Amino acid sequence: MSSDGWSAVLPAPAGSGENAAIAALVAFSQRGESATSADVDHVMRSLAAHDGWWVPVAYARQAWGQSEFEHTVSFPDRGPQTTLNVFTDPEAVARGEAAASGDYGGPVPGVTLLQYLDPSLSSLFVNPGSPREHQWYIEAGGFEIAAAWATAIAVERALASWGNGPVPVADLLAHRYHLLIDRDTMAPARVYLPEIEGTVAVCFTASDRTAEFVASLPPAARPLAEVAPVDGPGLFDLVNAMGAAGVIINAGSADQAALTQSDVAEILKARARG
């Protein structure tokens, strides 16, 4: 594409696979006024999990220290921008020519983009210039929620690739969890599992994982399920203080993971060292 003497060549799409972020946005648009908080959760999870973002190079350098990209494209410098305009793919970049300013680079993981949103911005605008069903808008007041989705995805990915290596301490401590609590006492719930000796604590990375767990309970038990927010350090301090056998993260989900008492001890030792 070219305009006013400048030009840019965008890379061809990497493949014909479906863009899950766009698919989630389209599905949300189709829901219209019937969209629920669960639909919003699906969009936010998809945006955080998307690894093909295009962002302003100057912003990436300032926000998380990245200045080298696999691909870059140049636009006219339109001066300071209070809205961060980002794009899901090269086609969206091409359609957003009028809103883009300066150099853009990609691909960037959504975990990085959403975790480092600058609170001095007024908003994040996904795919300006694209069809409305391909767009999303987050005001600055929602940046903390967006960051929580980013750290949720980071925790889930770290646990999925954990294997027999060291516990992914940094990712686990950086997140804020939904802790299952006893509704009567408001204390952490103590859950018995047949394959584990003793009780375990249960927590979830995000609201959709909590909802999935609650939906799996017998109808009479669902109103008794209660969660409370707790940050990573607080979670593992609690599990340790409970004398629990460990903690189950995302109980009942396909990405369920278990941390044993020794894993929790390893996390606490690493935090104390660092």
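Predicted model: local features only at pLDDT ≥ 70, side-chain atom pairs only at ≥ 80, totals over all residues.

Colleague: Let's start with helices. At roughly what angle do the axes of H1 and H2 cross?

Modeller: They cross at roughly 165°, and the axes come within 8 Å. H1 covers residues 20-31 and H2 covers residues 37-49.

Colleague: Roughly parallel or roughly antiparallel, then?

Modeller: Roughly antiparallel, because angles over 145 degrees count that way. The crossing of H1 past H2 is left-handed.

Colleague: Which residues make that contact?

Modeller: From H1 you have Ala20, Ala21, Ala24, Leu25, Phe28 and Arg31. H2 brings in Asp39, Val40, His42, Val43, Ser46 and Leu47.

Colleague: And what does the contact look like by class?

Modeller: Eight of the residues are nonpolar, two are polar and two are charged.

Colleague: On to strands. In what order do the three strands of the open sheet come?

Modeller: The order is S5-S7-S8, and the pairing is mixed. S5 (83-86) and S8 (136-139) are the edge strands with a single partner strand each, so one side of each has no neighbour in the sheet. On average, neighbouring strands here are turned by 15° against each other, ignoring direction.

Colleague: In what sense do S7 and S8 pair, parallel or antiparallel?

Modeller: Antiparallel, over four bridges, with S7 spanning residues 123-126. As an example, Leu124 has Ile138 in S8 as its bridge partner.

Colleague: What about S6? Which strand does it meet over three bridges?

Modeller: That is S3, residues 53-56, and the two run antiparallel. Within that pair, Val55 stands opposite Gly105 of S6. S4 also runs antiparallel to S6, joined by four bridges, and there His71 has Gly106 as its bridge partner.

Colleague: Why would you flag that, or a positive phi?

Modeller: Because most peptide bonds are trans, and most residues other than glycine have a negative phi.

Colleague: Which phi does Met186 have?

Modeller: Met186 has a positive phi of about 60°, although it is not a glycine. Its place is the loop between S9 (176-181) and S10 (191-192).

Colleague: Is Met186 buried or exposed?

Modeller: Exposed: Met186 has a relative accessible area of 51%, and the cut-off for exposed is over 50%.

Colleague: And Asn250, buried or exposed?

Modeller: Buried, with a relative accessible area of 1%. Asn250 also has a positive phi of about 60° without being a glycine, and it lies in the loop between S13 (246-249) and S14 (257-260).

Colleague: Great, thanks for the tour!

Methods
Residues numbered from 1 in each chain as written. Heavy atoms only, no water. Axes fitted to C-alpha atoms, helices over the stretch in contact; angles between N-to-C directions. Parallel < 35°, antiparallel > 145°, perpendicular 65-115°, else oblique. Left-handed = near helix turned anticlockwise from the far one by under 90°. Contact = heavy atoms within 4.5 Å. Nonpolar A, V, L, I, M, F, W, Y, C, P; charged D, E, K, R; others polar. Pairing = 2+ DSSP bridges. Buried < 20%, exposed > 50% of the residue type's maximum accessible area, 1.4 Å probe, protein only.
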